[in-house]
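I opened this notebook to record what I looked up in the structure shown below. The entries follow the order in which I worked.

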Amino acid sequence: MQMLKIVPEKCTGCMQCELACSWVQTGMFQPSQSLIRVNVFDEEASYAPYTCLQCDEAWCMNACPVNAIGIDSGQAKVVIDELCIGCHLCTIACPFGTVFTLPETDKAAKCNLCGGDPACATACPTDAIEFVEGQQAGDWFEQWGDRVHSRYLEAAEK
Amino acid sequence: MIKQATGGWTGKILRVDLTSGKSSVEPVPEDWMHDYVGGRGLADRYLYEEMDPTVDPYAPENKMIFATGPLTGTPVPCGARYMVVTKGALTNCITTSNSGGHWGPELKFAGYDLLILEGRAPKPSYLLIYDDRVEVKDASEYWGKGVFETEDGLRDELGIPNLRVACIGPAGENLVRFACIMNDKHRAAGRSGVGAVMGSKNLKAIAVRGTQGVPIAEPEAFMKALWEMRAAMDDNPGKKAFNDFGTAATIDLTQTFGALPTRNFQEGQFEDFEKLNGVAIRDTRMVATKACFACTIACGRVTRLGEFSDKFMVNMHPRNWKQAGEGPEYEAAWALGPDTGVGDLDAVIKANWLCNDLGMDPISMGSTLASAMELYEKGVITDDQVEMPLKFGSADALVRMTEATAYREGFGDELAEGAKRMGDKLKHPEVFMGSKGQEFPAYDPRGFQGMGVAYATCNRGACHLRAWTPAIESSGDADPHSTEGKSEWVVEEQNKSTTHDATGVCLFVGFAGATIELMVPLVAAATGVPYTVDEFVHIGERTWNLERLWNLKAGMTKADDSLPKRLLEEPHKSGPSKGVTVNLDAMLPIYYEERGWDSEGVPSKEKLTELGLGSL
């Protein structure tokens, strides 16, 4: 399966991904409606784009009381608009904070990988966001996880 | 029949009367949008219509216009720019000061093409714009604070994480003549003293949050043109060089041509240039590259002093000790480096950091200090006037005087007036290196002859961004020391760059493979107005002439299209530009003729009629 690979170190904070995503969502250039967000850590001079990781065990799906989040052919977890009742439970359940609600409809909105051709990855000028082949969701995330885990062990020993 | 605009522009103007705190929203006349594209052009038109050019820059009658273009806030590479148009505190001319970052797009997302500020707030205030919500609020808590603290403070106070802030530092409050407006902490509408004008209005900051979208009139054509431009820029060597080395790579270029002004233009090459160039910054002090909104180049350098040097850590707020700052870019690296003779990169980074935090234009800061250093070494400025010796090459003097200038402490009070006013006061006007009261940027016209006529004729005083003649003079297309063809090229380039400014796209895309032929279809598709390249150049010419008319009404004459004696009469004694002086007398008449102006530099009736300005 293909998945989004995000490498914050390559990000320059240009917001091309937010622009591209909002174009898909709204037909306008409107970063406030983007489903990928670039977090800016000014004092660290670092930028981190983040969006839905398409978890294998998707808590947003589990939390939804009306089964309004389904899985499409590309393994993306997608909100089924007609079913969503706007209860916001999925936004609370997501550990990464990547499910949003749209102010106009009050319904949930999340990354659906643009049906298999994510606009953010295409738009990114530095390859900080790529759409790559992988075994399971968050594959590329492992290195980072290992790093955090070793820091945790260090801290625990002290 | 003009087609109704359906995209690119918002078609709305936000007008705020700071005296009363009242605001209103009004539509932009459609013919003005078409005739001036937006940004700089449209703002020029408003300023011409609404303001008496003879008023003092600090008077409440001086208006400030913050203008976005039709491509600001779109993914067109580097569509991040906004323009501040007002009467410059430094120049007394119309000024058009441009900045990137994220603030301009945010104003567009809030729903406005232009923001017009009028009057003067009765007490220190800031302006909050959150879409339709517009409030003038008390800023007494931020008055006196630096740019970084102000931006962080406003974000905390208002609790809006995505808030974008444009503000002035202490320099703007203290009416330093070359104070700038800083946005997103490190980006500056830098030149001509727009920050001092904002300070005179008691306006500390403009905080903006916008959640609306920029619609596009012809989506398919737009996306096609967008990817054509992206493709043209992708493997461009200029783009790669900007990304690798930042703009400071230009130091090597100007050094090679003997056009790197050194020690207040007394020399054309700097012995320590390799300590300050793009390679030095990248290899020794850079922690990240940074892009403005929608920028695919990322020429921004994030540099850090703390881990490398503690020499210039004094007076820094503890919270900022390890904080990264942006820059220096080429102009700042030159003004604070070669022009003052300082070859210490840490001092240059620190002085640049101070300029950003205190809100000052590093070009004018460095150049004014260089003039003072020349006078000090010649014995005109004596030790009892200054707190420390102002010797060329003194890193300590550079850092300390930068700070003293922003707060107008001691001799900093004189520096704060800019090199022209300082030179006049000390009865040595010859040390001022600039034109129309504004200090030159980093190209010595004795090395690049064309810059001479570009500087002398620029509507906002000496400027490198209206016609960058090294483009032809360093590439072998034109002899850098000859006057031949320069005036003609400058006229054409000034016209092109003026409309480019109006679109809201950074001029740097032109150095990174995006030609005007690639830009025009984007503006046409975004706005739905079928602009052509010829029309684009024509609009630039119209805008340029409008600015000229404004300046003539403000009292400028042919005498202001001038250069200092040093450039006209004193050649460099060594280096590649040895023996060359600027032959402005040869270039200026051709320039006037090319422009369709009379021998006094006044646009002819025919020219104005041709440009649709006949009634002005």
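I took two strands to pair if DSSP finds at least two bridges between them. Helices (H or I, at least four residues) and strands (E, at least two) are DSSP runs, numbered from the N terminus. The model is predicted: local features need pLDDT of at least 70, side-chain atom pairs count only at pLDDT 80 or more, and totals for chains, interfaces and linings use all residues. Residues are numbered from 1 along each chain as its sequence is written, with chains lettered from A and ligands numbered from 1 in the order in which they are written.

**Entry 1: strand S6 of chain B**

I looked up the partners of S6(B). Strand S1 (residues 12-17) of chain B runs parallel to S6(B), joined by five bridges; B:Asp17 stands opposite B:Glu118. Strand S3 (residues 64-68) of chain B pairs with S6(B) in the antiparallel sense over four bridges, and here B:Phe66 stands opposite B:Leu115.

I then checked burial, where buried means that 20 or more other C-beta atoms, placed from the backbone, lie within 10 Å of the residue's own. Five of the five residues of S6(B) (residues 114-118) are buried, so the strand is largely enclosed by the rest of the structure. Both faces are covered, with B:Leu114, B:Ile116 and B:Glu118 on one side and B:Leu115 and B:Leu117 on the other.

**Entry 2: the nonpolar core**

I counted as a nonpolar core a set of buried Ala, Val, Leu, Ile, Met, Phe, Trp, Tyr and Cys residues joined through C-beta atoms within 7 Å. Which residues of the largest nonpolar core touch the most other members? They are B:Leu114, B:Cys295 and B:Leu522, out of 232 residues. Helix H12 (residues 345-358) of chain B gives the most to this core, with nine residues.

I call two residues in contact if their C-beta atoms, placed from the backbone, lie within 7 Å. Beyond its neighbours within four places in sequence, B:Leu522 is in contact with B:Leu71, B:Val76, B:Phe222, B:Ala225, B:Leu226 and B:Met229.

**Entry 3: domains 1 and 3 of chain B**

The domain assignment, whose bounds come from an automatic or database source, gives chain B domain 1 (12-209), domain 2 (235-439) and domain 3 (449-610). I found the C-alpha centres of domains 1 and 3 to lie 26 Å apart. Contact takes 40 residues of domain 1 and 31 residues of domain 3. On the domain 1 side, H2(B) gives the most, with eight residues.

**Entry 4: chains A and B**

The contact takes 20 residues from chain A and 23 residues from chain B. Helix H1 (residues 16-26) of chain A gives the most to the chain A side, with five residues.

Notes
Buried ≥ 20, exposed ≤ 12 C-beta atoms within 10 Å, placed from the backbone.
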